[in-house]
Amino acid sequence: MHRGERRAKRPNVVWSVFVFLVASAVAGALTAGLALPFAGLVGVTTAKAHDSVQYLPQDLETAPLTQNSIIEDADGRVIATLYQQNRNPVTLKQISPIMLKAIVAIEDDRFYEHGALDFKGTLRALLRNQSAGGVQQGGSSITQQYVKQTLINKARTPDEVKTATADTYERKIAELRYAIAVEKQMTKGQILNGYLNLAFFGNRSYGVEAAAMHYFGVHAAKLTLPQAAMLAGIVKNPNGYDPINNPKRAKARRDVVLRRMQELNVITAKQAQEALKTPVIDPAKVRIVPSGCANSKYPFFCEYVVSKLKENNSFGKTKEERENYIETSGLVIKTSLDQKAQKAAETSIAEHSKPTDDVIGAVTMVEPGTGLVKAMAQSRPYGAKKGQTAYNYNVEKSYPGGFGGFQNGSTMKAFTIAAAISRKVPTTYRIRSPQTIDLSGKPFETCNGPTSADPYNPKNSTKTILDPSMVDAARASTNTYFLQLSQQIGLCPIATIANQLGMFDGQLLKPLKQVVSYTLGSAGNVTPLMLSNAYATFAARGMYCSPQVITSITSLKTSKPIPTPGPNCHRVLSPGVADGVNYVLQQVMAKGGTGAKLKFGNSDLAGKTGTTNENLAVWFAGYSTRLAAASVVADADPKIQNMIGQTFDGKKMSDASGSGTAGPIWETAMQLALQGLPSTKFVKADDKVIRGDVKDLPNLKGMTPADAAAKLLSMGFKAQMDHGARVDSDAPNGTVAWTNPRQEDGAPAGAVITLFISNGSKATPTPPPVIPPPTPPTPPATIKPPPGNPTCPPWDPKFPKCKRG
């Protein structure tokens, strides 16, 4: 500074502000109050303050109030609440009048008298702060507080929040200018209503409605005098006056409000005295409103619902935008969760497994014909502690909590059955199926050309007859039969149907691989959800519905529905083909089938067991016309290994099977879920589906080959003798023991019927019969040598490479 210059004299700050406020009030620029903290105004001139006001926008832009979203079950019961700020906005009429009086009494008792500036209140606070040497009393009106809360609510980034809460004169003057505009544009009631919906009342409660429900378990409209006084007092310092953690301080503050209300003649002395005697809070009535799925009774189902919501692009362009919209927009998300079915699933899991087991159990239940996911349950509970998990073992890996499934073993045979029936293969079709078969290098046709496996010598895990029909093979889960059947019809038709029924790799989120062992369930990892929904398609007679967990979304603000993907159902299988699958899988649960011991009640039930190599997972999937379910027991912990020797249901496993391990989970869940409902039956499969386009065969057992051949010729069939060794039978030696095709299966018109001759080993001893020589001799033309390809399917004369004798 040059010697001749004079230092500018610092103006008296209090006087400057005083002059500014008076001049502004006289000029008509200000009609509402402003509390400018003394400490923040050092060095501020009235000119600078004037400039700050002059160039600020006058219209306060508000952002929509955040509002809780809720997730409901199928009956409208809340199962989860989602929010960033626990808030449920209400109208002025939905707030108790005593609450309005309490907040005005303690925060701005001249609220209805002053305009944009409460000159008296501001000056009083300013002088008191001056004498105290700091900020001891605020002079902000309710209007200014509403402006401040609005700016905070509108902030979306950390920098915006910092600007909205900075303790600077610029912010205070900006709030003042906005307050002027608000007072011109809104009524006092609107301002007060907005303030009470924005204010923070502690304990994650934003707005008077959420606060009333949290602390007292009542709606804002039902608040009593002492309750209203407590809430009015808490807004000044929500943490310091927290009635849960600081009940004494909260009561003292509440009592200040009550006495102030009495001073202002808002309440009588008697009312004040009665209210002062009231406990500040009843801990038993405090309602915690936890946010998020982790606090839901059904956390896994809830998280799956939220993951589906986040896939909806109408909620935002990015994942973050969609998440913010879901948590702040006041949505009512109704789901498919059925409390009865869910309880049934949970009861079954609890009965047949334990959370501390080495391996896990899980089950999903789906309604046929709608795709509605009725229940999901699993043995390990939600959490981060030992014995808990964040993985949902029922669903695909489309979000971080989805586990992604397990190999599903022979439950895949159902799709081979469906593909075979759709290609006119009768359920009576027989294939010679030894216990072990060599398929090394044998070609299997896929959608992209042939494939093979080398070496490959699969075997059966159960005993079966040598030439089982499709029904026999399904009942015994005969691997060698279904491998040969899948080779004959090709892997592409099977994979196509499985894909159309919603089957894919739940880990990779890609189509299942068309490998030689596709029908045995080694094509990828599938989930209980997708398997139960696929089987539900059979129950719905071929009508496939995409799994649906969200049934509707409604806005709490407008009560209007929000578009969301609805049911997606379309026909994949003809009713006749589905009826045929139901017929075959129903026999699995009949006497002698692998699922026989799981049959219950009077309803028709169908299902299929599944066991993977090395017992990594076992399954049971089954259904009635009302409900389909799939259960799995598996090792879910890396490194995944054989379950034998690991614990399940608290005991070390010495065996693992679809029927004996996973089956009971399915049975109990289904039985409880269907309890009390009328029994249902499947539609009877057409005889042509069961037996093909066939004619009845005569009973030839015990007849001579010549007589049997003559009988067949008279009915339009051809006959040939099996040239192998005679077979064990109770028919007399040298007579027909049985035929191929069997009598009960029938055969297409003109088909060649093979006669198997008995050795009489099981026949009842009788005097040797006198068998006259056949007269006339059997014409040579009626007996033909065996065909070049014994497995040539009689149901398909155009089968490639089919050589006939």
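Colleague: Which residue stands opposite Gln720, and in which strand?

Modeller: Thr754, in strand 18. Bear in mind that this is a predicted model.

Colleague: What makes strand 16 and strand 18 a pair?

Modeller: Two strands pair if DSSP finds at least two bridges between them. Here four bridges join strand 16 to strand 18, residues 752-757, so they count as paired. The two run parallel.

Colleague: And why is one side of strand 16 (718-721) and of strand 17 (736-740) left without a neighbour in the sheet?

Modeller: The sheet is open, with three strands in the order 16-18-17 and mixed pairing. Strand 16 and strand 17 stand at the edges with a single partner strand each, so one side of each has no neighbour there. Ignoring direction, neighbouring strands of the sheet are turned by 30° against each other on average.

Colleague: What lies across those strands?

Modeller: Helix 24, residues 705-714, lies across strand 16, strand 17 and strand 18. Its angle to strand 18 is about 160°.

Colleague: Over to helix 18 (residues 479-489). Why is it called largely enclosed by the rest of the structure?

Modeller: Buried means under 20% relative accessible area. Ten of the eleven residues of helix 18 are buried, so the helix is largely enclosed. Among them are Tyr481, Phe482, Leu483 and Ile489.

Colleague: What covers the buried residues of helix 18?

Modeller: The cover includes helix 16 (413-422), strand 6 (444-446), helix 17 (470-476) and helix 19 (491-500).

Colleague: Which residue just after helix 18 takes a positive phi?

Modeller: Gly490, with a phi of about 95°.

Terms used
Residues numbered from 1 in each chain as written. Predicted model: local features only at pLDDT ≥ 70, side-chain atom pairs only at ≥ 80, totals over all residues. Heavy atoms only, no water. Buried < 20%, exposed > 50% of the residue type's maximum accessible area, 1.4 Å probe, protein only. Contact = heavy atoms within 4.5 Å. Axes fitted to C-alpha atoms, helices over the stretch in contact; angles between N-to-C directions.
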